Amino acid sequence: KWMYLTGLVTDGPPKYYGYDYSRIVLWRSDTGGNSWYSPITVAQGSYSTGNVDKPDVAVSWYSGTRGYVYAAYVILNGTASELWVKRSTNGGSTFPDAALVEVGWINGAQIIVSPSSGNVYVIWTDFTRDAIRMSTSYNSGLAWTAAETVPGTGKPGSMLKPDDRISGDMKAGSLPMARFNWVANKVSIVWHECATTCTSTSSDTDVYYSSKSPYGWQTKVRINDVTTRDQFMPALDFDSSGNMLVTFYDRRGDTQNIKYDLYSARIDSSGNRLEPNVRVSTFQSDPRNYYVDPRSVGDYQDVWSQNQGGIEYYFPSWVGIPNNGDIWMSAIQP
């Protein structure tokens, strides 16, 4: 019943781009989410080191490290950002073990664990290389391999930086989302990138998928089944058969390439489409109406799979803007 949630909190008066130096904290529940302990600070931004961002958390189900909690995050400091992973061996009460994985113009930390080997994987976008990159730890997060590039990424000008815009002056950085598909024994990653060279107001983005098995990487494959207008900000999860559902924002229904719907794509673990893309949302969202920031609806959405009574369901959560922006959740039965 133990559950973990990581996120950003700020304290005190504004100091940095309109907000205080943030902290990355971890919330823990041992009652299945009915109650939560006070948050534990995992990392703290500062004037000297930079701000912290993009936290992610994973828990090991491997027998030798079961219950270990791993938190990944970046320290933003211009083009010399740092990617860190911290480890807790006591259920998230403390995080004494820290490892610097990579330094560079990077963001978008994702961390996942193999339940069969205990290997830990951290994935991110390298904006200097315009590539999706990954490092592996074979000793439970203490040491990390040299970064490897996801094949098919690395084309100059292909990745949108976090503050870059697509049509409609909307922020849409190219940040990965990842799962360890334990049924297929694969690291699975989705992201979006520009079909041609990105510009400050670039359009024509597509969603891509790649995976790595013990036999190596597969070539990336495009997930959206049309190339009309923008498809961006994907998420993914897998079901008990190892097949996957990818959800993403899609502007195929707006000739002005501004309003978006949520779409889904069912694929197998190698990225082969099992059915045409399906529209999930029942209304179009207009980012110009977002009451927080008309240029941004956040950097990601997410989706989870669940088997209930032998029936597979997927539950995507996403930002919908029929008028003002709200968090919506849908239920998908393949």
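Which residues line the second largest cavity? They are K54, P55, G108, A109, Q110, L175, P176 and Y300. Strand 4 (51-59) and strand 8 (106-113) each give two or more residues to this lining, and strand 8 supplies the largest share, with three residues. Strands here are DSSP runs of E with at least two residues, numbered from the N terminus.

Before we go on, a word on the model: it is predicted, so local features need pLDDT of at least 70 and side-chain atom pairs count only at pLDDT 80 or more, while totals for chains, interfaces and linings use all residues. Residues are numbered from 1 along each chain as its sequence is written, and side-chain values use heavy atoms, with hydrogens and water left out.

A cavity is a set of points, on a 1 Å grid over the protein atoms alone, where a 1.4 Å probe fits but cannot get out; lining residues have an atom within 4 Å of a point. The second largest cavity holds about 40 Å³, a volume being the space filled by probe spheres set on points joined across faces, edges and corners. The search of the whole structure finds two cavities of 30 Å³ or more. The largest holds about 50 Å³, and its lining includes L175, P176 and Y300, residues that also line the second largest cavity.

Now to an open space: a pocket is an open set with protein on both sides within 12 Å along at least five of seven lines. The second largest pocket holds about 180 Å³. Of its 13 lining residues, N119, Y121, K212, S213 and P214 lie nearest its centre.

Conventions: Helices (H or I, at least four residues) and strands (E, at least two) are DSSP runs, numbered from the N terminus.
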